[in-house]
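Please examine the sequence and the three-dimensional model shown below.

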Amino acid sequence: MTHTAITVSNLSKEFQIDQNKTASVLKNISLQAHYNEFTSILGISGSGKSTLLKCISSLLAPSSGSVHINGLNPYKLRNSQLAKLRRKDIAFIFQSYNLLPALPVLENIAIPLRLSHRPVDTKKIHNLLSQMKFQADAHTFVKHLSGGEQQKVAIARAILSDSSIIFADEPTGALDSHSRQIIFDLLKGLAKAGKCVLMVTHDLELASQTDRALVLKDGQIVHDISSPSPDTLYQALGVSISDK
Ligand SMILES: Nc1ncnc2c1ncn2[C@@H]1O[C@H](COP(=O)(O)OP(=O)(O)O)[C@@H](O)[C@H]1O
Ligand SMILES: [Mg+2]
């Protein structure tokens with residue numbers, strides 16, 4: 001029996017383009033995500049994947065509809081409650097999101113731990129970094145790292161924060177195929193250990209190794225596939241692309 005981590009109801013998001021033009025990016029989306037479940041979100045570029053992940057993860061208020069994370073609507077919380085929810089329950093792996101460029105790798109990874117007054121186990125951090133084949137020195141300032149290395153720092157931070165819900169937007173985008181699989185396996189391990197992992201990707205090979213794939217098209221979820229095979233995903237996306 002899996003427990004619900006996130007409930008999204010009738011979520012829509014519009015962006016005001018100019019005075020008399022709005023773009024309707026997400027249309028009436030409803031979904032649930034669960035603990036112990038690794039969900040991938042797929043769709044062609046511009047289909048609204050990042051916008052959806054931001055709306056679900058407390059970073060971007062929807063135009064209408066609701067989001068509940070562990071029963072709480074982040075957009076109805078006071079700032080201090082929202083900060084607490086993010087600190088306690090949520091980890092973000094958005095490329096270079098919230099990394100502090102002028103701090104060393106180690107300090108960046110330790111941020112969530114320091115914010116919640118938990119001990120920082122440097123040995124554990126070093127072990128994880130080496131498991132991730134992180135090449136740079138852990139005392140390097142983040143601003144001196146490549147995109148791929150920054151991505152690994154964001155991932156290490158999310159893993160060590162021990163949050164129960166992990167949001168990742170193309171977490172393996174800047175990595176070579178070997179690193180990609182290592183990072184993916186780490187995320188998969190987190191879901192196996194009971195966490196709720198939501199990952200945007202356009203890597204069908206990786207998506208086919210997740211528990212569930214949501215396919216976005218024109219702002220709607222057009223497929224919700226359990227234990228997706230590469231073929232099923234290819235078809236689901238192929239159809240979406242040729243329909244465009
Ligand atoms: N802040 C914004 N203002 C206006 N349009 C936006 C904004 N953010 C995203 N969009 C538009 O919404 C659509 C979906 O974007 P996005 O969610 O980034 O897609 P994806 O991640 O699937 O590539 C795109 O057409 C994009 O231009
Ligand atoms: Mg995106």
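This is a predicted model: local features need pLDDT of at least 70, side-chain atom pairs count only at pLDDT 80 or more; totals for chains, interfaces and linings use all residues.

**Pockets, ligand site and loops**

By class, the lining of the second largest pocket contains seven nonpolar, two polar and five charged residues.

The largest pocket holds about 390 Å³ of space. It is lined by 17 residues, of which R86, F92, N98, P112 and L115 lie nearest its centre. At least two lining residues come from each of α2 (79–89), β5 (90–94), α3 and α5 (147–161). In this lining, 11 residues are nonpolar, three are polar and three are charged.

Attention now turns to the ligand. The residues surrounding ligand 1 are F15, V25, I44, S45, G46, S47, G48, K49, S50 and T51. Helix α1, which spans residues 49–56, gives the most to this shell, with three residues. Sorted by class, the shell consists of three nonpolar, six polar and one charged residues.

Which atoms of K49 and S50 lie close to an oxygen atom of ligand 1, and at what distance? For K49, an N or O atom of the side chain is 2.8 Å from an oxygen atom of the ligand. For S50, a polar side-chain atom lies 2.9 Å from an oxygen atom of the ligand. S47 takes part through its backbone, a polar atom of which is 3.3 Å from an oxygen atom of ligand 1. Taken alone, ligand 1 exposes 560 Å², and the protein buries 56% of that area.

N36, in the loop between β2 (21–34) and β3 (37–42), has a positive phi of about 70° although it is not a glycine. Is N36 buried, partly exposed or exposed? N36 counts as partly exposed because its relative accessibility is 43%. H117 lies in the loop between α3 (105–115) and α4 (122–131). Its phi is near 55°, a positive value in a residue other than glycine. With a relative accessible area of 73%, H117 is exposed, since the cut-off for that class is over 50%.

Key. Residues are numbered from 1 along each chain as its sequence is written. Chains are lettered from A and ligands numbered from 1 in the order in which they are written. Side-chain values use heavy atoms; hydrogens and water are left out. A residue is near a molecule or strand if one of its heavy atoms lies within 4 Å of it. A polar contact is a pair of N or O atoms within 3.5 Å; within protein, one must be able to donate a hydrogen and the other to accept it, and residues adjacent in sequence count only if both atoms are side-chain atoms. Accessible areas come from the Shrake-Rupley method with a 1.4 Å probe; for residues, only the protein chains shown count as cover. Helices (H or I, at least four residues) and strands (E, at least two) are DSSP runs, numbered from the N terminus. Ala, Val, Leu, Ile, Met, Phe, Trp, Tyr, Cys and Pro count as nonpolar, Asp, Glu, Lys and Arg as charged, and the others, Gly among them, as polar. Buried means under 20% relative accessible area, exposed over 50%, partly exposed in between (1.4 Å probe, protein chains only). On a 1 Å grid over the protein atoms alone, a cavity is a set of points where a 1.4 Å probe fits but cannot get out, and a pocket is an open set with protein on both sides within 12 Å along at least five of seven lines; lining residues have an atom within 4 Å of a point. Grid points are joined across faces, edges and corners, and a volume is the space filled by probe spheres set on the points.
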